[in-house]
Amino acid sequence: MNFEFPFHELPAVMRGPRVERRRVLVGGSAFWGTVVEEGADAGRLRLDDGRLLEAEGPHYLPPVSPSKIIAVHISYSSRSHETRNKPKPSETPTYFTKPPTALNGHGGQILKPADVKYLNYEGEYAVVIGKTCRNVTPDEAWDFIEGFCPALDMGLQDFRDTDQGAMLRVKGADTLLPIGPGIVRGVDLFAQTLRTTVNGRVVQEAHIGDETIWGPHYVIADIARHITLLPGDVILMGTPCHSRSVDAGDVVACEISGIGRVEGTVVAIDAPRASALGVGHAPTDTPEVRRVALGFDERVPEHLKDNLRRAKAGR
């Protein structure tokens, strides 16, 4: 496996049986439940109060309540090759943060303001912290993971020129983190394949174990050298190659085999009222913005490019 500090046996969080916890809105109240894995009710959601729900019935809430969301800039070899033309972007990981207000549930709306041209998808897996974590080694870090979620780390790339370092507006706007529908443990993460789809067509694809540069245990140990991670905190573990922009009406999804699928629909909204008054840095369409938003197609597998063209043509 292509990541630092490989382990000799699966950590407890990745050993079966599979358990998936979801949070749903029923009758105006939030409830936790567990997906039934076997038997006649397999696939249904059993709420903690005993009620059984069909998986497609309830309104899904984000299954996390983080004090902070920390994201790795690049942690897949295909993404590094596409953007840096080398299999590893840097000697150690670099990070940015998203505010908790960016959270969005499975099936939610992803808002694209009228003055924004480039809203990009990034399919990822999220790591959810299960207990307070500080000053741990990579081997110890596994014991602080509650589980994993599919996630879409969406970004308003038009703000690259002003927020390239902090990524605050690029990645931090409301609705830009669909996550869930559940937190999953008991699945070997590194044996899974991640796929992002736009209107049902695969536009990103990566075998996680083959492409990972830094595993979550390394990332947690790195961050927790100086920052205390609290229960419910989220770490986004980067995306493979071929992040591209999408438009209103597009349905974007991230599916990870063995773990689950999260989706959202892009919805157009008016530009913020303060923007019309000249408040703040305006969205831009510059060579730097286009470099990231449109990527490097010559370094991307042909089928991903074709699928995105077909997804847009059939919208």
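This is a predicted model: local features need pLDDT of at least 70, side-chain atom pairs count only at pLDDT 80 or more; totals for chains, interfaces and linings use all residues.
Strand β9 (108–113) and helix α7 (273–276) each supply at least two residues to the lining of the largest pocket. The lining counts 21 residues. Nearest the centre of the largest pocket lie P113, D115, F159, P272 and S275. By class, the lining has 13 nonpolar residues, with four polar and four charged ones beside them.

Now turn to the second largest pocket. Its volume is about 350 Å³, and 22 residues line it. H73, I74, R79, R84 and R160 lie nearest its centre. Two or more lining residues come from each of α1 (77–84) and α8 (287–293). Helix α1 gives the most, with four residues. The class make-up of this second lining is eight nonpolar, seven polar and seven charged residues.

Charge pairing is the next theme. The structure holds 26 salt bridges.

Start with R21 and D48. Their closest N and O atoms are 2.7 Å apart. R21 sits in strand β1 (residues 19–26), while D48 sits in the loop between β3 (45–47) and β4 (52–53). The two residues are 27 residues apart, and the pair links distant parts of the chain. How accessible are the two partners? R21 has a relative accessible area of 26%, so it is partly exposed. D48 reaches 53%, so it is exposed; the cut-off for that class is over 50%.

R44 and E54 come next. Their side chains meet in a salt bridge at 3.2 Å, N to O. R44 lies in the loop between β2 (29–35) and β3, and E54 in the loop between β4 and β5 (59–61), so the bridge ties together parts that are ten residues apart in sequence. R44 counts as partly exposed because its relative accessibility is 23%. E54, at 49%, also counts as partly exposed.

E82 belongs to helix α1, and R244 to the loop between β18 (234–236) and β19 (245–246). Here the partners stand 162 residues apart, again linking distant parts of the chain. Are these two residues buried or exposed? Both E82 and R244 are buried.

This last pair is part of a network. Salt bridges with shared partners join R79, E82, K98, E122, D153, K171, R244 and D297.

Definitions and conventions
Residues are numbered from 1 along each chain as its sequence is written. Side-chain values use heavy atoms; hydrogens and water are left out. On a 1 Å grid over the protein atoms alone, a cavity is a set of points where a 1.4 Å probe fits but cannot get out, and a pocket is an open set with protein on both sides within 12 Å along at least five of seven lines; lining residues have an atom within 4 Å of a point. Ala, Val, Leu, Ile, Met, Phe, Trp, Tyr, Cys and Pro count as nonpolar, Asp, Glu, Lys and Arg as charged, and the others, Gly among them, as polar. Grid points are joined across faces, edges and corners, and a volume is the space filled by probe spheres set on the points. A salt bridge is a side-chain nitrogen of Lys or Arg within 4 Å of a carboxyl oxygen of Asp or Glu. Buried means under 20% relative accessible area, exposed over 50%, partly exposed in between (1.4 Å probe, protein chains only).
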